[in-house]
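I opened my notebook on this one and jotted down what I looked up, entry by entry. Have a look at the model alongside my notes.

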Amino acid sequence: MESERRKKVALIQAIGTANPPTCYLQADYPELYFEITKSQHLPHLKDKLKRICVNSKIKKRYMLPMEEIVEKNPNIRTYGAPSLDARQDILVEEVPKLAMEAAMKAIEEWGEPAASITHLVFCTSSEISAPSADRRLAKLIGLKPSVQVVAENIEQCLAETFAPLGVENWNELFYAVHTGGAAILRGMQEKLGLAEGKLDASWSVLSEYGNMGSPCVLFVLDALRKKSMGEGRSTTGDGLEMGVLVGFGPGLTVETVALKSVPLKATKK
């Protein structure tokens, strides 16, 4: 049984991340937004957005150039005007390009040719198109045409995930938690009784990038391993062997994946 489980273990050999090219400071965003949307006549709403931005604990956001997009698609800033098609057209073009940038970084770190990849797992909640974004990504990064494309509460989820592994103390794990918001991270820390610093990687990504949806966990994993290396930890998981990746979705739904860290000594050349 143990040998069968080992055969099914997936190994993360590289991580690549990417963001849209334009960085906006969260503190400046309300002024920019109301200027672009020509809504300066609504100061009470701008003040409300300012308060929301301050309380979000986010410092920066990465987006496509808002000014250019709105200039080309004025319906986007017009209340009640149809703009879904314009938004989808933008995403159909940009999602595969952004995915390619992240994928090429991961492939470079991995050190093997893209043509040797046999399976592509792709997830997006941003656009729907034909051919699909995953197929366009496969072509952009040079995968073979034969590549296979696979497209309750937190404590209970962890218990179900880690009970078979004999883990009961949640502070024995390292955490890569989806940056769904400050309230989610605080609530999780309090509910599980996590020690200070357990969610530092998630807080850092939330501050630097905000909630980017599904890709957040990859940014958190990347931040966690870099933090571990910078602090001289023995593993990529803050010096711990076992950890958990936590994703949140609408509802609120929770998905967890058990992780095993990599010894950092073994990665040194």
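Predicted model: local features only at pLDDT ≥ 70, side-chain atom pairs only at ≥ 80, totals over all residues.

**Helix pair.** I started with α8 and α9, which run roughly antiparallel to each other. The angle I looked up for helix α8 (residues 182-192) and helix α9 (residues 200-209) is about 170°, and angles over 145 degrees count as roughly antiparallel. The axes of α8 and α9 lie 11 Å apart. Next I asked which residues of α8 and α9 meet. From α8 I noted A182, L185, R186 and Q189, and from α9 their partners S202, W203 and L206.

**The model as a whole.** The C-alpha atoms fill a box of roughly 65 × 50 × 40 Å along the principal axes. Of the 269 residues in the chain, 38% are buried. I also looked up the accessible surface, about 16,500 Å², with 55% of that area belonging to carbon and sulfur atoms.

**Charges.** How far apart are the mean positions of the positive and negative charges? I found 33 positive and 33 negative charges, and their mean positions are 2 Å apart.

**A closer look at T22.** I found T22 in strand β1 (residues 22-25). Setting aside neighbours within four places in sequence, I listed R61, Y62, M63, L64 and P65 as the contacts of T22. One of these, M63, is 41 residues from T22 in sequence, yet their C-alpha atoms are 5.3 Å apart in space.

Conventions: Residues numbered from 1 in each chain as written. Heavy atoms only, no water. Buried < 20%, exposed > 50% of the residue type's maximum accessible area, 1.4 Å probe, protein only. Areas by Shrake-Rupley, 256 points an atom, 1.4 Å probe, with all protein chains shown as cover. Lys, Arg positive; Asp, Glu negative; His and termini not counted. Charge placed at Lys NZ, Arg CZ, Asp CG, Glu CD. Axes fitted to C-alpha atoms, helices over the stretch in contact; angles between N-to-C directions. Helix = DSSP H or I, 4+ residues; strand = E, 2+ residues; numbered from the N terminus. Parallel < 35°, antiparallel > 145°, perpendicular 65-115°, else oblique. Contact = heavy atoms within 4.5 Å.
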